[in-house]
Amino acid sequence: MNSKLVHFAPALLMRLRRGCYTVGSSIVLMCSLVLLTAACKSHSSRGTENGSAISSGVVPEVETPRHDQIVPLIDHHQHLLSPALAEVWSQPGPVGAELLIHRLDEAGIQSAVVLSLAYAWGSPALSSTPEDEYGAVRAENDWTAEQVAMYPDRLTAFCSVNPLQDYALAEIDRCAADPRLRNGLKMQFGNSRVNLRNPEHVARLRRVFAAANQRQMAIAAHVWTGDDEVANPFDGRDARTFINEVLPMAPSVPVQIAHMGGSGPRLDPGTEEAMRVLAEAAARGEAAMKNVYFDIATNVHPRSPPEWVEFMTA
């Protein structure tokens, strides 16, 4: 992560067929894997709807744009960064809602789902650990909610937790009771040091997914756990564990798999294998995948090998 959080590629959500799901009271439209115009618009139509089509649940009629004109109506994977977290996460400064809105306007994007970074307070990667970790998690979720509330017609907040921590279920309960945060739950397996080969970790994930499902909170999960350089390795068997043992605990809510199941910028062989397992499970129509969507948020930078870029943009 870096200070340019709001410069990340817009996160179109993909399925093998057209679909939608509800976040809060608004219908959130999905871009299809093959029909990217279902929830996208051309540059020529930018700004004409002013967000009203999304809030009313009406799909705007738009002409099919040329490839170089496709602009998503909604970015489903954005983050804000509080001053407190920026300080301990070695970031130059915070990222607030005003800057995010500015970047969305620059890109011609109407709305965004803001995924809280509160899970990071439970990460070993921080330069210093707070004395009251759960207090810091609550504060980060609340700060995100307050920022998003400044633009209620354009931003929607998800709360977040480290799913391995003992306070995870209590925070899900608290978020579910807060109208600003009850829309959904974000988890980041790699940052939280989840190991899908550890039965206790899998058991905790199952409890968290079940809790979100019971409270009808959509789930956004960064399921990548690491590679041979970072955290815990992630390959096809880990993706299969997630499909077989974790996803069935949330059968009634949408599950958004971040970065197409990868890390975002990194693409080692194990990660590529896991991404293929997830995609093939969706293509086969496996029961556990019925409510699963993939977002394509990622980083492509000058250091990205050409084969990574080719795989991610294929």
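Is Asp235 buried or exposed in this structure? Asp235 is buried, with a relative accessible area of 14%; here buried stands for under 20% relative accessible area, exposed for over 50%, and partly exposed for what lies in between, with a 1.4 Å probe and protein chains only. Before we go on, keep in mind that this is a predicted model, in which local features need pLDDT of at least 70 and side-chain atom pairs count only at pLDDT 80 or more, while totals for chains, interfaces and linings use all residues. Residues are numbered from 1 along each chain as its sequence is written, and side-chain values use heavy atoms, with hydrogens and water left out.

Let's stay with Asp235 and look at its partner. Arg197 forms a salt bridge with Asp235, and their closest N and O atoms are 3.2 Å apart. The term salt bridge asks for a side-chain nitrogen of Lys or Arg within 4 Å of a carboxyl oxygen of Asp or Glu. This pair links distant parts of the chain, 38 residues apart: Arg197 belongs to the loop between strand E9 (184–188) and helix H6 (199–214), and Asp235 to the loop between E10 and H7. Helices (H or I, at least four residues) and strands (E, at least two) are DSSP runs, numbered from the N terminus.

Arg197 also forms a salt bridge with Asp238, where the closest N and O atoms are 2.8 Å apart. Here, too, distant parts of the chain are linked, since Asp238 sits in helix H7, 41 residues from Arg197. Asp238 counts as buried at 1% relative accessibility, whereas Arg197 is partly exposed, with a relative accessible area of 37%.

Elsewhere, Glu286 and Arg284 form a salt bridge with closest N and O atoms 2.6 Å apart, and Arg284 is exposed, at a relative accessible area of 54%. A network of salt bridges links Asp142, Glu171, Arg174, Asp178 and Arg180. The structure holds 16 salt bridges. Side chains of opposite charge can pair when their charged atoms come close.

Phe234 is buried, with a relative accessible area of 2%. Leaving out residues up to four places away in sequence, Phe234 touches Leu196, Val223, Trp224, Thr225, Gly226, Ala239, Gly261, Gly270, Thr271 and Ala274; contact is taken as heavy atoms within 4.5 Å. The C-alpha atoms of Phe234 and Glu273 are separated by 8.8 Å, and the two residues are 39 residues apart along the chain.

Now for the nonpolar side of the picture. A nonpolar core is a set of buried Ala, Val, Leu, Ile, Met, Phe, Trp, Tyr and Cys residues joined through side-chain atoms within 4.5 Å. The largest one has 70 residues, and those with the most contacts inside it are Leu85, Leu155, Leu185, Phe209, Ile219 and Phe242. A second, separate core has five residues, including Val113, Leu115, Ala218 and Ala220. In soluble globular proteins, nonpolar side chains tend to be buried together.

Phe242 also brings us to the aromatic rings. A search of the whole structure finds three aromatic pairs. Rings of Phe, Tyr and Trp (its six-membered ring) pair if their centres lie within 6.5 Å, and planes under 30 degrees apart count as stacked, over 60 as edge-to-face and the rest as tilted. Phe189 and Phe242 form an edge-to-face pair, 6.1 Å centre to centre with 70° between the planes. Because Phe189 lies in the loop between E9 and H6 and Phe242 in helix H7, the pair ties together parts that are 53 residues apart in sequence. Phe209 and Phe242 have ring centres 5.9 Å apart and planes at 80°, so this pair is edge-to-face. Phe209 in helix H6 and Phe242 in helix H7 are 33 residues apart. Ring pairs link Phe189, Phe209 and Phe242 into a cluster.

Our last stop is helix H5 (residues 168–176), where Ala168, Glu171, Ile172 and Cys175 are buried. Seen down the axis of H5, these buried residues fall within an arc of 105°, so they line one face of the helix; the arc is that of the directions from the helix axis to the C-beta atoms. The buried residues of H5 pack against helix H4 (133–148), strand E8 (155–160), E9 and H6.
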